[in-house]
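Hi,

Here is the structure I promised to pass on.

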Amino acid sequence: MAGSSSIGAETRLQHSPRLWRALGLMSGTSLDGIDVAMIETDGEERVICGPTLTIAYKDAFRERLRSVLGGIGPVGELEAKLTRLHADAVEQFVARHPGMRIDIVGLHGHTILHRPAERRTWQLGDGALLARLLGRDVVADFRSADVAAGGQGAPLAPLFHAALATALPKPLVVLNIGGVANVTWIGQGTEILAFDTGPGNALIDDWVRHHTGAAADIDGAVAHAGRASAAHVARFLATPFFERPPPKSLDRDDFSQNVPGDLSIEDGAATLTEMTAAAAAAAVRHFPSPARKWLVCGGGRRNPVLMEALDRRVGGIVCPVEAVGWDGDALEAQAFAYLAVRSVRGLPLSLPSTTGVSRPMSGGLLFTAAR
Ligand SMILES: Nc1ncnc2c1ncn2[C@@H]1O[C@H](COP(=O)(O)OP(=O)(O)O)[C@@H](O)[C@H]1O
Ligand SMILES: [Mg+2]
């Protein structure tokens, strides 16, 4: 889906040499596809958001990707295919915006394993191959340095959230509901706290896919027709994860054992939707002070049953990020464009308060295009 463009004439950069045109590429844990987003940024407070594009995965490819979650089996061929799909996505973006300069590409790749306690995180996506295919400089492997240094390697979008929120009233919360959900609390000064809150859409998606074959509970229709089981939600909320102070991060399937087996399709969807909202709302206990607003990005903001449950649980201050003019589908891709610039500038991508790493940590690997 195309976003609005606020990047102006190409000549503008001549007067602002420190601004980069960066293209971010994100394949989220929801397995829905590749998000492409252009931003213009100095990697610090200056961010202008440009056009975006989402390329959905074909079902067969999505299932291949799903089959290697957990780092199972040989992935070499699949990684090359995934990388070529990213290259195609960039070419499609370029075809829609001919002549638009791209200084750097940020390739997040697709997380197939995330076990920071074992100092392992694995994103499929070959930065060297992408640089070669595109003939452009690519930054990839954003999470490894943080994890190697003892951090969670996630979430990484918080510094971007904070840059976007510079002029907004604080304290402010940005909640991303992707496959997994992650929250960024931004305080009055430079204070940021970030962590994964629990499942995002993944449990709901898996439930609906298992029972109906559909990829998601579109507009929360299935959940809307059911009733959440308070007992299941209460049991789920008693999981020690929610009480555990941040830093903390999750793999896509960390909560898959919490899926209720004994409910109707509708009641199960309602229960999982309520559980997802409850998990996000449970983040409040860790915030240094209450937020004035919760801005929600990611595909989960399109699920009205989920948004209503969240709003009810955090006290009527929840709205989609579009309320402040951001693009909730593109934010993660924009974040990796932003982090690509920070990476080449040697600026931190993570902080002790965002991933638990012991000091502000730079990261990402630069793959230069052969010239
Ligand atoms: N209209 C909708 N109704 C309900 N859920 C939706 C809708 N649109 C998107 N979603 C959910 O959002 C997910 C995609 O969100 P996204 O932010 O792309 O996650 P990720 O970053 O993990 O890829 C889908 O898998 C689906 O669960
Ligand atoms: Mg996605």
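This is a predicted model: local features need pLDDT of at least 70, side-chain atom pairs count only at pLDDT 80 or more; totals for chains, interfaces and linings use all residues.

**The hairpin, the ligand and the confidence**

Strand 2 and strand 3 make a hairpin, with five residues between them. In that turn, Gly-43 has a positive phi of about 80°. The two strands, residues 33-41 for strand 2 and residues 47-56 for strand 3, run antiparallel and are joined by eight bridges.

The protein has a mean pLDDT of 94, and 95% of its residues reach 70 or more. Residues 1-6 are another matter: pLDDT stays under 50 there, and the model gives them 19 contacts beyond four places in sequence. Residues 8-17 also have pLDDT below 50, with 16 contacts in the model beyond near neighbours in sequence.

Now for ligand 1. Which residues come nearest to it? Of the 18 around ligand 1, they are Ser-30, Gly-179, Asp-205, Asp-219 and Gly-299. By class, that shell has ten polar, five charged and three nonpolar residues.

- Asp-219: a backbone N or O atom is 2.7 Å from a nitrogen atom of ligand 1.
- Gly-179: a backbone N or O atom is 2.8 Å from an oxygen atom of ligand 1.
- Asn-201: a polar side-chain atom is 3.4 Å from an oxygen atom of ligand 1.

On its own, ligand 1 has 580 Å² of accessible area, and the protein covers 86% of that.

Cheers

Note on methods
Residues are numbered from 1 along each chain as its sequence is written. Chains are lettered from A and ligands numbered from 1 in the order in which they are written. Side-chain values use heavy atoms; hydrogens and water are left out. A residue is near a molecule or strand if one of its heavy atoms lies within 4 Å of it. A polar contact is a pair of N or O atoms within 3.5 Å; within protein, one must be able to donate a hydrogen and the other to accept it, and residues adjacent in sequence count only if both atoms are side-chain atoms. Accessible areas come from the Shrake-Rupley method with a 1.4 Å probe; for residues, only the protein chains shown count as cover. Ala, Val, Leu, Ile, Met, Phe, Trp, Tyr, Cys and Pro count as nonpolar, Asp, Glu, Lys and Arg as charged, and the others, Gly among them, as polar. pLDDT is the predictor's confidence in each residue, from 0 to 100. Contact means heavy atoms within 4.5 Å. Two strands pair if DSSP finds at least two bridges between them. Helices (H or I, at least four residues) and strands (E, at least two) are DSSP runs, numbered from the N terminus.
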